[in-house]
Amino acid sequence: MSFRITGLDPAPFVPLYGLDEASLKARRIVRMRASDDTGFPERIELRNARRGECLLLLNYMHQPADTPFRSSHAIFVREGATVAYDAIDEVPEPLRVRTISLRGFDRHHHIADARVVHGEQLTDAIEQLFAMEQVSYLHAHYAGYGCYAARVDRA
């Protein structure tokens with residue numbers, strides 16, 4: 001079964017790029033510089049930020065549905081990212097190398113089922129969840145910190 005993983009649409013974040021520290025602070029956003037090449041998984045391009053790149057750390061409403069599962073959490077967005085990751089049957093590196101909490105939502109935006117797997121087993125877990133008729137779409141989260149990582153849909 002084919003699946004599609006997508007990063008976040010950059011449009012809502014572009015107006016934040018280049019804002020001064022006071023403007024960011026007023027929006028509860030922190031500008032950070034990646035201190036290494038592996039610890040800062042970016043959510044638009046779905047790649048690890050490279051050492052020295054600027055990131056915005058902000059709260060993002062990844063499950064906006066008006067249900068008990070409505071949820072937001074901190075994410076990193078690379079300042080300057082303008083093209084969202086969008087690939088079929090490919091798992092981007094940040095998801096492939098981390099433990100992932102995969103949450104399957106039904107058409108009412110309630111969790112129908114979930115899996116926690118290492119990224120190397122992510123494709124199998126996606127296929128298992130999409131084999132369930134009630135699962136409409138998936139959210140991937142980095143299990144360690146609980147942060148939203150990406151959306152997964154049937155292709």
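## Serine 72 and its surroundings

Two residues are in contact when they have heavy atoms within 4.5 Å of each other. By that rule, and leaving aside neighbours within four places in sequence, serine 72 is in contact with Asn59, Tyr60, Met61 and His62. The structure is a predicted model.

Serine 72 lies in strand E4, which spans residues 71-78. The side chains of serine 72 and asparagine 59 are joined by a polar contact of 2.9 Å. Serine 72 counts as partly exposed because its relative accessibility is 29%, and that class lies between the limits of 20% for buried and 50% for exposed. Cysteine 147 stands 75 residues from serine 72 in sequence, yet the C-alpha to C-alpha distance between serine 72 and cysteine 147 is 8.5 Å.

## Cysteines

A search of the whole structure turns up zero disulfides. For cysteine 54, the closest cysteine sulfur is that of cysteine 147, and the two sulfurs are 19 Å apart, so they are too far from each other for a bond. The cut-off for a disulfide is a pair of cysteine sulfur atoms within 2.5 Å.

Cysteine 147 is buried, because its relative accessible area is 13% and the limit for buried is under 20%.

## Aspartate 153 in strand E9

Strand E9 covers residues 147-154 and includes aspartate 153. Not counting residues up to four places away in sequence, aspartate 153 touches Phe3, Arg4, Phe130 and Tyr137.

## The largest pocket

The largest pocket holds about 270 Å³ of space. It is lined by 14 residues, and those closest to its centre are Gly39, Pro41, Arg98, Tyr142 and Tyr145.

Sorted by class, the lining of the largest pocket consists of eight nonpolar, four polar and two charged residues. Strand E4, where serine 72 is found, gives the most to this lining, with three residues.

Key: Residues are numbered from 1 along each chain as its sequence is written. This is a predicted model: local features need pLDDT of at least 70, side-chain atom pairs count only at pLDDT 80 or more; totals for chains, interfaces and linings use all residues. Side-chain values use heavy atoms; hydrogens and water are left out. On a 1 Å grid over the protein atoms alone, a cavity is a set of points where a 1.4 Å probe fits but cannot get out, and a pocket is an open set with protein on both sides within 12 Å along at least five of seven lines; lining residues have an atom within 4 Å of a point. Grid points are joined across faces, edges and corners, and a volume is the space filled by probe spheres set on the points. Helices (H or I, at least four residues) and strands (E, at least two) are DSSP runs, numbered from the N terminus. Ala, Val, Leu, Ile, Met, Phe, Trp, Tyr, Cys and Pro count as nonpolar, Asp, Glu, Lys and Arg as charged, and the others, Gly among them, as polar. Buried means under 20% relative accessible area, exposed over 50%, partly exposed in between (1.4 Å probe, protein chains only). A polar contact is a pair of N or O atoms within 3.5 Å; within protein, one must be able to donate a hydrogen and the other to accept it, and residues adjacent in sequence count only if both atoms are side-chain atoms.
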